[in-house]
Amino acid sequence: MRQSTYRRIQISGVFIILSMSSLMIYWNSYQLTRQTTEISIKICPKNPPFLVGPFVFHHFNGTLEDLNNKYQKYKPELGGKFKPLECKPREKVAIIIPYRERQRHLMDFLSHMPPMLLRQQVEFTIFVIEQDPLGQFNRALMTNVGYLEALKQDNYSCFIFHDVDMYPINDNNIYKCSTSPRHLAAAVEKWKFGLPYPDYYGGVVAYPKTVMEKTNGFSNLYFGWGGEDDDLGFRLAVVGLKCVRPAAVYGRYATPVHGKDKGCPLNPDRFTLVKNAKSRIWYDGLNSVVYTVSKIEKKKIYTHMHITVDRQKQEESPGGSVSKTAGVSVTRQQVRFATLLFSQGYF
Ligand code: BGC
């Protein structure tokens, strides 16, 4: 055989081998992509595999920009929608924080929560619902607004109403909803890792959308400090529901000490309001909340809404008038009628 023919055969051989190996590489990577896609579309397991159990709360001294950079690897969508990258979550969770002038706590919250929630494989968005500075703070009204406004952003099915200064310290306390409302703050540091009384429902509660609809949300009439979380217990009782709690060993919360809030003095009317909580449920809540959204800021890792409240208008709404007649009992028809009149601007 001539030398040049031999050389040609040699070159073709090398070419065939090279083509075959690239084909094999291509095939293997195709298989790998297929497997990864199959894994990523799997529903997340009921028991998340990456939990660490108890973990420590640390104050955060950095900036929002530091957190934006830190969480970039999780690829949150604008407005702070986080999803686990390895599986398809079971529900969409909106974390609603009624808020006013708590910048340091908010930074601690934003630094503490996302890593835990991603270990729990939760799909979540944090909504900070800030009441504008004028007038007294109304925490429950802010939670109603957070619920209504979050639903305008996406079809969330689970809502976690969260104080900004309470930090979970055991990731077995999973941020998910069940058919019953859940009170997640079962053992709170400021009460020596207990609760102030058995029917305390403050701090952190998880409601599925269905429960918000059943209870007409929360009362809008608690301006100032106290009572709104006690009211919630009575609303649940009216619709035959009760909060369930995680075991105290899991539902643990760190609560760093802080001074009194401005614009949130003790509410002198809280006892009267709690006393007639049951009678107001159909008038006073999601169907009667009065507010204006002055600004929505979609930040990289959370959504910040600015809300203006008009106390006088709120107290003139149907729920406000009923609160003045403690113990009054109303039928659902009366409620529908009142709601209709309210929506037409008669109150
Ligand atoms: C208030 C609640 C508060 C609880 C614990 C009660 O007297 O009505 O709103 O969460 O004390 O501080």
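# Briefing: the ligand and the spaces around it

An oxygen atom of the ligand is 2.6 Å from a side-chain N or O atom of Asp230. With the ligand in place, the protein covers 76% of the 310 Å² of accessible area that the ligand has on its own (Shrake-Rupley method, 1.4 Å probe). This is a predicted model, where local features need pLDDT of at least 70 and side-chain atom pairs need 80 or more, while totals for chains, interfaces and linings use all residues. Numbering runs from 1 along each chain as its sequence is written, and side-chain values use heavy atoms, with hydrogens and water left out.

**Around the ligand**

- Asp229 also reaches the ligand: one of its polar side-chain atoms lies 2.6 Å from a ligand oxygen.

**The largest pocket**

- The ligand takes up the space of the largest pocket (an open set of points on a 1 Å grid over the protein atoms alone, with protein on both sides within 12 Å along at least five of seven lines).
- Its volume, the space filled by probe spheres set on the points, is about 1100 Å³.
- Several elements give two or more residues to its lining: β2 (92-99), α4, α6 and α7 (270-275).
- In total, 42 residues line this pocket, and Arg102, Asp163, Lys190, Trp225 and Asp261 lie nearest its centre.
- That lining splits into 19 nonpolar, nine polar and 14 charged residues.

**The second largest pocket**

- This one has a volume of about 250 Å³.
- It has 15 lining residues, and the closest to its centre are Lys46, Arg90, Glu91, Ile174 and Lys176.
- Eight of the lining residues are nonpolar, two polar and five charged.

**The cavity**

- Searching the whole structure turns up one cavity of 30 Å³ or more (points where a 1.4 Å probe fits but cannot get out).
- About 80 Å³ of space lies in the largest cavity.
- Asp229 turns up again here, as one of the residues lining the largest cavity, along with others including Arg139, Phe161, Tyr201, Phe218 and Leu232.
- Both α4 (139-153) and α6 (228-238) supply at least two residues of this lining.
- By class, the cavity lining has six nonpolar, three polar and three charged residues.

Notes
Polar contact = N/O pair within 3.5 Å; in protein donor to acceptor, adjacent residues only side chain to side chain. 1 Å grid on protein atoms, 1.4 Å probe; cavity = no way out; pocket = protein on both sides within 12 Å on 5 of 7 lines; lining within 4 Å. Sits in = over half its atoms within 2 Å of the grid points. Helix = DSSP H or I, 4+ residues; strand = E, 2+ residues; numbered from the N terminus. Nonpolar A, V, L, I, M, F, W, Y, C, P; charged D, E, K, R; others polar.
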